[in-house]
Structures are given as structure tokens and as C-alpha cells.
Amino acid sequence: MCEFTVILESDQDKRVVAKNIVKAKTKDGKIVLMDSLGAITKVEGAFILTVDTLMTELILREGTIIPSSGMVISEQTQGKG
């Protein structure tokens, strides 16, 4: 079975938010991760950037995608007027 390490990246850094993840889905604007033991981790304010089966990594990016435009709003763009 392929188990992923989930990394959340922002403009400032990258950090591991979960390990041994076997399922990921979006629900109610959050990313819901389930590990091999059935434990749930929820990540708010992020989207899935990359799924890499060779490296067994799932990369999340802080920010929000506006569905109609595909535009990404990140920390840097939120502060600009």
C-alpha cells in the first residue's frame, strides 16, 4: 500500500502535517486526510498542489483557489490591494 507524507508549504516554509496517509479528499472547504490506522487530520486554508507516488509525498499549498477563475490566493496576494 502507498502511504504518503503530507507537506504543507507556504511562502515562508514547509512543514510535515501528517504521515502514513492513505486517503485524501476535500470536504466543506477543508482537506481531510486519513492515515493507515483511520485517524483523521483536517487542513484548512490549503489546496493539493502535487501528488508524488515515487516520493510518497502529497504537497499542500496554503491559499485558496477561486473555482470560476482557477486563480490562487496566497498569503502574499491577500495582503496586496
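Start by selecting Lys 14 and Glu 9: the two form a salt bridge, with their closest N and O atoms 4.0 Å apart. A salt bridge here is a side-chain nitrogen of Lys or Arg within 4 Å of a carboxyl oxygen of Asp or Glu. Before you go on, note that this is a predicted model, in which local features need pLDDT of at least 70 and side-chain atom pairs count only at pLDDT 80 or more, while totals for chains, interfaces and linings use all residues. Residues are numbered from 1 along each chain as its sequence is written, and side-chain values use heavy atoms, with hydrogens and water left out.

Now show the surface around this pair. Lys 14 is exposed, with a relative accessible area of 62%, whereas Glu 9 is buried at 15%. Buried means under 20% relative accessible area, exposed over 50%, and partly exposed in between (1.4 Å probe, protein chains only).

Helices (H or I, at least four residues) and strands (E, at least two) are DSSP runs, numbered from the N terminus. Arg 61 is buried too, with a relative accessible area of 15%.

Arg 61 forms a salt bridge with Asp 11, and here the closest N and O atoms are 2.2 Å apart. Asp 11 lies in the loop between β1 and β2 (14-27), so its pairing with Arg 61 in β6 ties together parts that are 50 residues apart in sequence. At 30% relative accessibility, Asp 11 is partly exposed. With these four selected, you have a network of salt bridges linking Glu 9, Asp 11, Lys 14 and Arg 61; the structure holds three salt bridges.

While you are here, click on Ser 10, in the loop between β1 and β2. Ser 10 is buried, with a relative accessible area of 12%. Its side chain reaches the backbone nitrogen of Gln 12 at 3.2 Å.

Switch to cartoon view for the sheet. Six strands form an open sheet of mixed pairing, in the order β4-β3-β2-β1-β6-β5; two strands pair if DSSP finds at least two bridges between them. At the edges stand β4 (40-44) and β5 (46-52), each with a single partner strand, so one side of each has no neighbour in the sheet. Color β2 and β3 (residues 30-35) next: they run antiparallel and are joined by six bridges.

Finally, select the largest nonpolar core, which has eleven residues: Phe 4, Val 6, Leu 8, Ala 18, Ile 21, Ile 31, Leu 33, Val 43, Ala 46, Leu 58 and Leu 60. Such a core is a set of buried Ala, Val, Leu, Ile, Met, Phe, Trp, Tyr and Cys residues joined through side-chain atoms within 4.5 Å. Strands β1, β2, β3 and β6 each supply at least two residues of this core, and β1 gives the most, with three.

Leaving aside neighbours within four places in sequence, Ile 21 is in contact (heavy atoms within 4.5 Å) with Cys 2, Glu 3, Phe 4, Val 6, Leu 33, Met 34 and Asp 35.

Conventions
A polar contact is a pair of N or O atoms within 3.5 Å; within protein, one must be able to donate a hydrogen and the other to accept it, and residues adjacent in sequence count only if both atoms are side-chain atoms.
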